[in-house]
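Dear colleague,

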Amino acid sequence: MSASGDHPPVTDGAGKGVVTRFAPSPTGYLHIGGARTAMFNWLFARHHGGKALLRIEDTDKARSTPEAIDAIFAGLDWLGLDWDDTPVFQSAQAARHAEVAHALLNSGNAYKCFATAEELEAMRAEQRAKKLPLRYDGRWRDRDPAEAPADAPYVVRLKAPQSGKITISDAVQGDVTVDARELDDYVLLRSDGSPTYMLAVVVDDHDMGVTHIIRGDDHLNNAFRQLVLIRPMGWPEPVYAHIPLIHGNDGAKLSKRHGALGVEAYRDDMGVVSDAMFNYLLRLGWGYGDTEKITRAEAIKLFSLANVGKSPSRFDAKKLINLNGQYLREMDDGALATLVAPRLAKLLPAFDPATGSDLLTRAMPVMKLRARDLNELADGAQFLFKMRPLGIDDKAQSLLDGSGVAMLQTVAPVLAEAEPWTAAVLEDRVTQCAEANGQGLGSYAQPLRAALTGQARSPGIFDVLELLGREESLARIDDVTRVTA
């Protein structure tokens, strides 16, 4: 296979009536690479005012599960990808696939192959010994089926061209050419009459009216094999766009050693929000100048296959989490609290979203300033809802030595007289107290943090005081000073 560099740039080939499709196999989670492919198909269709279709390629019944199908639907929905028309399930189209195979058989573009499994294995063994490509040798291509034993099982094979060149003008890769001799007479129908993947994909794409096939470049070789099925049927040829795969940050093919591979792990386990994942995956292999942050609406307006790179992109989980933190800081506080609440309830059974959502929402402006993901937000918000007396961790306990408790005893009556109970007023009162006693503000802030949160790190201590309120704040301070008095 070769790519030519001396040809005009390939265009999107887009006009009216653009139809794309995303066609996952439901054998597990929605892979990060699959999610990006789904996004590119969706964006291309939306950009051109066309249709984005979803097909579930569930012909492998042993591996396809309802749970995997549900996971795919949930992952796509989380990314904000909606689909036109009802999803197509490939397994339901088997009769139609067989119909096309028989049409090719009747037109002389396919044939019956009666080679046994033993014969085929011997053929492959000989090819391996001679270091030849493992390819069906066409032994039944021109034979009369009457030569086969009566009622012998057979498969139906496509009669692929044996000479000439086949070129695909790929919208991402450019012109790519193969010698027809590299293609084999692959199986269309198995001996039990069931269609193969290669047949089913081509028939479904045609019947769904797909005009643009946007997928990973690991399918580029398949495009040639599918094209030689499309042509004898006299069907319109789709525009192909094969996108380079996603690699790990070390340049190797993305695998589990680079981190999670399914979008649900980033959604459920790592606390990534949808907009951040959408933005990050969009920028993996596609770009628009130096623009880093792009909304869905902007992406639809700007998306073009011409801006898809030809080199593999590198997935960097650290960059994703950093971007996620940026999105958290820009999110509506109520919407963010809604996402944090169920995570907080798992960490702290005492938290009741029905009664605590208002406080959680009011806490978001200060909580989200440093958080990188929803889990950090949920963990950091626990102190707001813990029952008294608080558990004090070791680092916080070290701040509540004799001098720390003495500071609390000094500042407690000053806080009690603060009016109104706002962060600004409280900071002013504590600052005056510290100056009057020849101390720095930090000498009061640290023991206050330990007493109010049970830990050595928290949002700004005066924000903490305001969020907890007068009664709860003074009670927590009293718990510490009374126990250590």
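**Aromatic contacts**

F303 is buried, with a relative accessible area of 0%, where buried means under 20% relative accessible area, exposed over 50% and partly exposed in between (1.4 Å probe, protein chains only). Please note that this is a predicted model, in which local features need pLDDT of at least 70 and side-chain atom pairs count only at pLDDT 80 or more, while totals for chains, interfaces and linings use all residues. Residues are numbered from 1 along each chain as its sequence is written, and side-chain values use heavy atoms, with hydrogens and water left out.

The structure holds 9 aromatic pairs, counted when ring centres of Phe, Tyr or Trp (its six-membered ring) lie within 6.5 Å, with planes under 30 degrees apart called stacked, over 60 edge-to-face and the rest tilted. One of them is the tilted pair of F40 and F303, at 5.2 Å centre to centre and 50 degrees between the planes. F40 is also buried, with a relative accessible area of 0%, and ring pairs join F40, W286 and F303 in a cluster.

Another tilted pair is formed by F114 and Y154, whose ring centres are 5.3 Å apart with planes at 55 degrees. Here F114 counts as buried at 12% relative accessibility, whereas Y154 is partly exposed at 28%.

As for charges, the charged end of R157 sits over the ring of Y136, 3.6 Å from its centre, the criterion being NZ of Lys or CZ of Arg within 6 Å of the ring centre and within 35 degrees of the ring normal. The charged end of R296 likewise sits over the ring of F278, at 4.5 Å from its centre.

Best regards
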